[in-house]
Amino acid sequence: MRERHAFQDARRAREFEAFVAGAGGRLLHAATLLTAERPDDNPRARRLLTLALAHTYACWHRMRGEDPYDHARRHLATRFARGSWHRYGGLVRPRPHPAGPLARLTPQERLILVLRLYEGVAEEQAAALLGLSTDRVRVICDRATTALLRPPRGPAPAVGGPKAAPS
């Protein structure tokens, strides 16, 4: 009996290692986009990924037929949403010192944009995961996409400049 459990544990560890080798990079990139950190300096994203992978490993033996990538992604997204809620009092405040490509977006906009465009999650699935309506997910995704494609303009140039006094 003991040998059988050891064999199953070893097989489980090998399967999980293979999963992490194949999906870890993509999940880390998604986490880095969510946290709006730079790819070379992303401690929050790495922590988010570690927690999602730990949860996935803990559930590994119960996932019969379930996609482990989808499981890890769901946990990553919900943990990010919960963390943003507790850290900023909601999903609408931006990070204090963002640095990544999605830094101008609110945490909620980043979450929906990453799920929809980077991960390819359907609107209905994203809405169910976040507890929002499908229309709300569509509106937030459209707003976030527009904000990225049309960044705010700088101040308008002065017209004419200062006038010289008549002599």
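1. A nonpolar core is here a set of buried Ala, Val, Leu, Ile, Met, Phe, Trp, Tyr and Cys residues joined through side-chain atoms within 4.5 Å. In this predicted model, the largest such core has 36 residues. Those with the most contacts inside the core are F19, L27, L34, L76 and L111. As general background, nonpolar side chains tend to be buried together in soluble globular proteins.

2. The elements that give two or more residues to this core are α1, α2, α3 (68–88), α4, α5 and α6. Helix α1 supplies the largest share, nine residues.

3. Leaving aside residues up to four places away in sequence, L111 touches L34, A77, F80, A81 and L130.

4. T32 lies in helix α1, which covers residues 2–35. Residues count as buried under 20% relative accessible area; T32 has a value of 7% and is therefore buried. Apart from residues up to four places away in sequence, the contacts of T32 are E37, R38, P39, N42 and A45.

5. Helix α2 spans residues 43–59, 17 residues in total. The distance from its first C-alpha to its last is 24 Å, close to the 24 Å expected at 1.5 Å a residue.

6. Helix α5 comprises residues 123–130, and E123, A126 and A127 are buried in it. These three residues cover an arc of only 100 degrees around the axis, which puts them on the same side of α5. The face turned away from that buried side carries the exposed residues E124, Q125 and A128.

7. As to the surroundings of α5, its buried residues pack against α4 (107–118) and α6 (134–149). Helix α5 is followed by G131, whose phi is positive, near 70 degrees. L130, within α5, is among the residues that L111 touches.

Notes: Residues are numbered from 1 along each chain as its sequence is written. This is a predicted model: local features need pLDDT of at least 70, side-chain atom pairs count only at pLDDT 80 or more; totals for chains, interfaces and linings use all residues. Side-chain values use heavy atoms; hydrogens and water are left out. Helices (H or I, at least four residues) and strands (E, at least two) are DSSP runs, numbered from the N terminus. The expected span of a helix is 1.5 Å times one less than its number of residues. Buried means under 20% relative accessible area, exposed over 50%, partly exposed in between (1.4 Å probe, protein chains only). The arc is that of the directions from the helix axis to the C-beta atoms. Contact means heavy atoms within 4.5 Å.
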